[in-house]
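User: I am new to this structure and would like to learn how to read its features. Could you guide me through some of them?

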Amino acid sequence: MTTLADGWVMTGRYLRHVIREPEQIVIYFSLPVMFVLVFGYVFGSGMAVGGDSYREFLLPGVFVMTQLYGLGATATAISLDISRGVVDRFRSMPTARSALMVGRSTADLTRALLEMAVLIVCGLLVGWQAHRGFGPALAAIGLILLLRLALTWVGMFLGSVVKNPDTVSVIVFPLAFPLTALSNVFVAPEQMPAWLGAISQWNPISATVAAARELFGNPGLGSDAWPAEHAMLLAVAWPLLLIAVFAPLAIRRYRRMSR
Amino acid sequence: MTSPAIVADGLRKTYRGKAALDGFGLTVATGTVCGLLGPNGAGKTTAVRILATLLDFDAGRAEVAGADVAREPGLVRERIALTGQYAAVDGSLTGRQNLVLFGRLHHLGRRAARARADELLDQFTLTEAADRSASEYSGGMQRRLDLAASLIRAPRVLFLDEPTTGLDPRSRNQVWDTVRKLVADGTTVLMTTQYLDEADQLADRISVVDTGRVVAEGTPDELKATIGADRLEVVVRDAGRLADAAAVLTRVVGAEVGTDPDTRQLRAPVTDRVTALIEAARALRGAGIAVDDLGVRRPTLDEAFLQLTGHGAA
């Protein structure tokens, strides 16, 4: 009971950060919106699937990419809490020790919902649509949120390993950027050199993006590579695998603070 | 006689093969302030973190506020509070939001947490700044907020890890006043400090920590006494009369008198402070020796520390 209640109080704390620092939201959304504008309109005409349909192709990729960059905020917040001694205070209180991580992941999912709402409105404004109706669209959003949950755990692990909060924000971009570039977000992996293409095909980001394109009824790449043909399966399996690896690692780091 | 608030016995803690605590023992009576004094790396913070259930230990036994630290850490956490070396508050939240958050995490209801936050803001003169982000607070205000957060549930034992490091003298006095009030209300305080005068001011008893164990223990006066007697110190006006003055003082105190021609100073150990002072003044005047300064002083804790550990503090 207290575990749930403490986790919920902690969720409220992280959401209050969002409310108290609205400028961060603006900065946060500037990136995906810029990607939609730059890639959708400037480069879009030169892409394999041109014009309007490129924007339809691009949007699910931007949805997923935004979740990936959310990892930075998670890692920074955790690292900040540890370095400032706030975590020590929590640990010296009769608060459930799970509260920090439960609270952060719940707050992250709430944030992700909000971000998805904003991005979907943006998408509709530039001509993107979900063509297969409400149910499949919800399923697509569900898969994207599942990936976010997995990335939250990666972020919490990262934040508990890297001591300096400033370092965290510096290393997240070089970590996240190749993951989006080497994926099917912007271009078809088939157009890359074979080995890069293979990495892109197997990239967890590509799996969720391909599955979302299919569920939204947006143009896909029609690739016949195994990962592309089994995107739906991988879009579930990859996040579960990431959670299975990083959740125990993050919890272990937290426990080892007592050593 | 109530049972002690803190008992530690033979605590050992090893980091990567190096002993941070090596047979650390401590007893703190309920309602008193114990100062842990020692240089950086002596093991003070490690000891506090172990007693506050933040850190496991390898051997030994510890009991805080009547609960066993190793077996009943949850019970210990109900009864203690910790203020660490940094102001452990959430800079993105306001002062009020911080206190409500910590109140809720102490399992107070929403309304009770709000009411307690208001009380504490008032008590720590933070009401005016209550709705500003804690990150905009001055160092002293952050430290006050941090202390307020520690007092949400009126802890039986309060751990203060270098509570005034980096504070200006005024904020430092405010923290000291708060600690005195808490102790008057029956709270037991264990504080670490590198400032000898802080321990001298606040602590009922001091434990001097060096290389992971307590090397000396006692009241501030007792510690100073172990270092040796009070000293009569005289500065003569004319360096040429030093030898005469030494002869006079030797007769008065009946002990060897040290002289320092550079500072024209004489030093001699004394047992009875007042008599020694009067007799010395009378004898020096009788011998016609002009004196610039005359006094009896007690060794400082700095000197005590140097003698006990073989090296200076901090």
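This is a predicted model: local features need pLDDT of at least 70, side-chain atom pairs count only at pLDDT 80 or more; totals for chains, interfaces and linings use all residues.

User: Let us begin with domains. Which domains does the assignment give for chain B?

Analyst: Chain B is divided into domain 1, covering 6–91 + 152–225, and domain 2, covering 230–298. Taken over C-alpha atoms, the centres of domain 1 of chain B and domain 2 of chain B lie 42 Å apart.

User: How should I read a strand, and how many residues of strand E3 of chain B are buried?

Analyst: The general idea is that side chains in a regular strand alternate between the two faces of the sheet. Strand E3 of chain B spans residues 33–37, and five of its five residues are buried. One side holds B:Val33, B:Gly35 and B:Leu37, the other B:Cys34 and B:Leu36, and both faces are covered.

User: Which strands are joined to E3(B) by bridges?

Analyst: Five bridges link E3(B) with strand E8 of chain B, residues 188–193, in a parallel arrangement. In this pairing, B:Val33 is opposite B:Val189 of E8(B). Four bridges link E3(B) with strand E9 of chain B, residues 205–210, and these strands also run parallel. Here B:Leu37 is opposite B:Val208 of E9(B).

User: Is B:Glu162 buried or exposed, and why?

Analyst: B:Glu162 counts as buried because it has 20 C-beta neighbours inside 10 Å, and the cut-off for a buried residue is 20 or more.

User: Where is B:Thr211, and what is its phi?

Analyst: B:Thr211 lies in the loop between E9 and strand E10 (213–218) of chain B. Its phi is near 40°, a positive value in a residue other than glycine. B:Thr211 is partly exposed because 15 other C-beta atoms lie within 10 Å, a count between the limits of 12 or fewer for exposed and 20 or more for buried.

User: Where does UniProt place the feature "transmembrane region" in chain A?

Analyst: The unreviewed UniProt entry places this feature at residues 25–48, 68–87, 108–128, 134–158, 170–188 and 231–251 of chain A. The model can be read beside that record. Residues 108–128 of chain A are 86% helix and 0% strand, with end C-alpha atoms 25 Å apart. Residues 231–251 of chain A are 100% helix and 0% strand, with end C-alpha atoms 30 Å apart.

User: Which helix holds A:Val236, and how far is A:Val236 from A:Ser169?

Analyst: A:Val236 is part of helix H11, residues 231–255 of chain A. A:Val236 is 67 residues from A:Ser169 in sequence, and their C-alpha atoms are 28 Å apart in space. With 17 other C-beta atoms within 10 Å, A:Val236 is partly exposed.

Terms used
Residues are numbered from 1 along each chain as its sequence is written. Chains are lettered from A and ligands numbered from 1 in the order in which they are written. Domain bounds come from an automatic or database domain assignment. Helices (H or I, at least four residues) and strands (E, at least two) are DSSP runs, numbered from the N terminus. Two strands pair if DSSP finds at least two bridges between them. UniProt positions are given in the numbering used here, feature names are shortened, and annotations may be inferred rather than shown by experiment.
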